[in-house]
Amino acid sequence: MEFGKVLHGGDYNPEQWLDCPEVLQEDIELMKKARVNCVTLGVFSWAVLEPSEGEYRLGWLEEIIDRLYENGIYTVLATPTGGMPHWLTSRYPETMQVREDGGRNLPGRRHNFCYTSVKMREKTRQIDQKLAQMAGKHPGILMWHISNEMGGNFSDSACHCEQCQQAFREWLRERYGTLEALNKAWWTVFWSHVYTDWEQIHSPVPRGECLLHGLNLDWHRFVTHQMTDFLKWEIASVREYSALPATSNFMFFFKPLDYFKMQKELDVVSWDSYPAWHKRKDEVPVAVKAAAYHSMMRSMKKAPFMLMESVPSMVNWRENNPLKRPGMHMLSSMQAVAHGSNTVQYFQWRKGRGAFEKFHGAVLDHKNGENTRTFRDVAGVGERLEKLDTLIRQSCNQPKAAMIFDWENWWALEDSTGPRLDMDYQKVFLQHYRAFWEAGIDVDIISMDEELEGYRLVTAPLNYLYKKGYAKKVEQYVKNGGIYITTYWSGIVDETDLCFTGEHPLRKALGIRQEEIDAPSEEFSNCVVYQGKEYPAGRFCEVVYAETAKAAAVYEKDFYKGMPAISENHYGEGTVCYLAAEFGQELLNAFYGECLKQAGLENPLAAKLPYGVTVSERKGETNLIFLQNYNEKTVEVEGSGSYKEADTGREWQGRIEMEPFECKVLVKK
């Protein structure tokens, strides 16, 4: 999505200050000083836009959009469904969610709406269309921001009301056709819970049926389907009067909703990034997690994304809420750009005086105007983005390696009762991602539905569930010369969470036969020797037999001593590697280092990077290399070749010095 400039700004809530015109005037003056060129309006404005049912007051909003536009500041206009006004919940209680226990929520908080409710959709359409009629004729509005962090309030994002139950049954009927097919897919003969009527089916709840894994998995799918349908409803509502592109802001590894499905309805992907910087002295784990999600957002459309929210100082909702240390705001902002963002935006512009987020970080605090470190940091980011604007907009990351992360696999894996009860898909995925991050290799993060061709290397850690057609796709990818890596507890169940029988769907490509998986306690810990060095094997040790595969490492202890722990199998023109055990970061780094060599992949500096330093590259007419230091100390990077800093013109030959929490944007000479 091309806006003609890299966007810098964030959420603006002038409705909180309508009785203070001097504040609104100061805001515009300071926005220009901070190089803010775009703000998001209307996110939680429903009660001001429609103070009572059918009474619309949009004049104040249009006037502010006009004033901003006159000063060179564009607007991302939000639909206000994230916060429901009290007149709505009071008159139409059926618009509020019903909990797992059957009780209906009381008014308040955010996203307290039933996404199936006919009345909620009717009221949503009415307010959205009023906004669209205004927006359709305004040159200062760039795009639609649909709702806000959809589903991000109550624990499972799900409504269990009767309307949703009926919609769930209809969704199941369309998916399976017959009860016979559903009972077979869910294995309902277990405990004699065979369904004989569609009306017997209920969402999984703690005091009802919740141990049928197929039911649980389909309920997750349905919740995503229904929330996506509500998203489509909102987009269709505004599109009747406005053809502007639409986005909706996603969140960090948000388990309840499959973002790979939802993003298909959006013109551009955006997300809200709130890493827990300075929780510990070592910033690398946090940097890795943030980088992974930036990569995922870019990968969804293989195009630049939007950093819709970030915080310029501190949040207010964690146990510890440290201030960003000097340099970290610039570094974390440029991290997003390094991974493909064409925007840096904040929550929020000015701190509110009351309620839950009055102490949440903002560009402007309660008292000091522009005379703060935070304001100067934000202005610095704005100035740097202006200098790099054209180079950023003409480039994007183009990785040759990919990782499989799939929501349906996540849901099924962590619902499984065994081999341990504390399976953590996200944690294991990030360990594997970190091996690429430390090597300075960009990756795409894709679901099992995506094509694999074009990547030299694909890895799928803890790929427990195989969707229909996935195994054939992997086989063909490897036959054509790809390198495919997967791990223990992969290829165990099909897409209805039924165990495969006979053999592993990729048995020939893997060149091994799975038999058992050991989940030992610490007293029975094992180890392997890989490339002459001993490494511990963790809480999972799968017992596999080599058929055509060769062992790159074997277990050193217990009754399965000598059996393959890491195997490699040549298949067609490609290679499949299998990690049969859980390994720590040190071995994963060594293992992926060898795989990257085999794939002919190296970081753009062709350098061994110091700890806490990584590099990303945006390719275009001019390739931009983002060298990032997440250490609170100066480091040196020994690169090869000559480089120039794209924004300062400073030149480097070979050795590059990095200040604490610094990001350099380099162009190879």
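**Exercise 1. Is Cys541 buried or exposed, and what keeps its sulfur out of a bond with Cys527?**

Keep in mind that this is a predicted model.

Step 1: Look at the accessibility. Cys541 has 0% relative accessibility, so it counts as buried.

Step 2: Look for a partner. The closest cysteine sulfur belongs to Cys527, and at 9.6 Å that is too far for a bond.

**Exercise 2. Work out how many disulfides there are, and check Cys161 along the way.**

Step 1: Set the cut-off. A disulfide needs two cysteine sulfur atoms within 2.5 Å.

Step 2: Apply that rule and you end up with zero disulfides. Take Cys161: its nearest cysteine sulfur, in Cys159, sits 3.6 Å away, and Cys161 is in no disulfide.

Step 3: Check the surroundings. With 4% relative accessibility, Cys161 counts as buried.

**Exercise 3. Find out which strands pair with S14 and how many of its residues are buried.**

Step 1: Start with S13, residues 457-460, which runs parallel to S14 over four bridges. In that pairing, Leu457 stands opposite Ile483.

Step 2: S13, helix H15 (residues 470-479) and S14 form a right-handed β-α-β unit.

Step 3: Turn to S20, residues 574-579. This strand is also parallel to S14, over five bridges, and its Leu579 stands opposite Thr487.

Step 4: Sort the side chains of S14. Ile483, Ile485 and Thr487 point one way, Tyr484 and Thr486 the other, and all are buried.

Step 5: Wrap up. Five of the five residues in S14 (residues 483-487) are buried, so the strand is largely enclosed by the rest of the structure.

Key
Residues are numbered from 1 along each chain as its sequence is written. This is a predicted model: local features need pLDDT of at least 70, side-chain atom pairs count only at pLDDT 80 or more; totals for chains, interfaces and linings use all residues. Side-chain values use heavy atoms; hydrogens and water are left out. Buried means under 20% relative accessible area, exposed over 50%, partly exposed in between (1.4 Å probe, protein chains only). Helices (H or I, at least four residues) and strands (E, at least two) are DSSP runs, numbered from the N terminus. Two strands pair if DSSP finds at least two bridges between them. A crossover is right-handed if, with the strands pointing away from the viewer, the path from the first strand over the helix to the second runs clockwise.
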